[in-house]
Amino acid sequence: MLTEGLTHTSEMRVEERHTARAIGSGDLEICATPAMIALMENAAMLAVANQLTDEETTVGGFIEVSHLKPTAKGNVIRATALLTKIDGRKLHFAIEAFEGEKAIGRGTHIRVIVNRDKFNSRIREN
């Protein structure tokens, strides 16, 4: 059952493919903002995944993030998502990313519960 307070933490080591240079969002060998955001979204998705039916999943609908500090390639980062509000099918999360104890990102995220088959059929129609 979905309840406010559900949380999950996802972790990754920053590899070449996660750098700003590799993604194209910059030209430095540091963790790209899009890679950090993807980890934050992953944490939010996994925070509620076990509470949904097999026919349901969530998709990202909104994200607002500040990237506070850089992270060097090779270092480990983690992102934590906390479900703060349930508004029908809209799920609101507080999201944070850390390298060790240092906060490197913070923001909010909304995911929407969708029926997998209906969602996929709408994509095929377009």
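**Group meeting talk: a core and its strands**

Leaving aside residues up to four places away in sequence, Ile77 touches Ser10, Glu11, Met12, Val14, Cys31, Leu39, Thr71, Phe98, Glu99 and Ile104. Contact here means heavy atoms within 4.5 Å.

A word on the source. This is a predicted model, where local features need pLDDT of at least 70 and side-chain atom pairs count only at pLDDT 80 or more, while totals for chains, interfaces and linings use all residues. Residues are numbered from 1 along each chain as its sequence is written, and side-chain values use heavy atoms, with hydrogens and water left out.

Now the overall layout. The chain has three helices and five strands. These are DSSP runs, numbered from the N terminus: helices are H or I with at least four residues, strands are E with at least two. From the N terminus, the order is β-α-α-β-β-β-β-α. The C-alpha atoms fill a box of roughly 40 × 35 × 20 Å along the principal axes. Among contacts with a separation of 6 or more, 64% link residues 24 or more positions apart.

What about burial? Of the 126 residues, 34% count as buried. Buried means under 20% relative accessible area, exposed means over 50%, and partly exposed is in between, with a 1.4 Å probe and protein chains only.

Next, the core. Which residues have the most contacts inside the largest nonpolar core? They are Cys31, Val48, Ile77 and Phe93, in a core of 25 residues. H2 (33-49), E3 (76-87), E4 (90-99) and E5 (102-115) each supply at least two of its residues. The largest share, eight residues, comes from helix H2. By nonpolar core I mean a set of buried Ala, Val, Leu, Ile, Met, Phe, Trp, Tyr and Cys residues joined through side-chain atoms within 4.5 Å. In soluble globular proteins, nonpolar side chains tend to be buried together.

Now look at E4. Seven of its 10 residues are buried, so the strand is mostly covered under the cut-off of 20%. E4 has partners on record here, and two strands pair if DSSP finds at least two bridges between them.

First partner: E3. Nine bridges join E3 to E4, and they run antiparallel. Threonine 80 stands opposite glutamate 96 in E4. Their hairpin has two residues between the strands, and glycine 88 takes a positive phi near 65° there.

Next partner: E5. E4 and E5 pair in the antiparallel sense over 10 bridges. Leucine 91 stands opposite arginine 111 in E5. This hairpin also has two residues between the strands, with glycine 100 at a positive phi near 65°.
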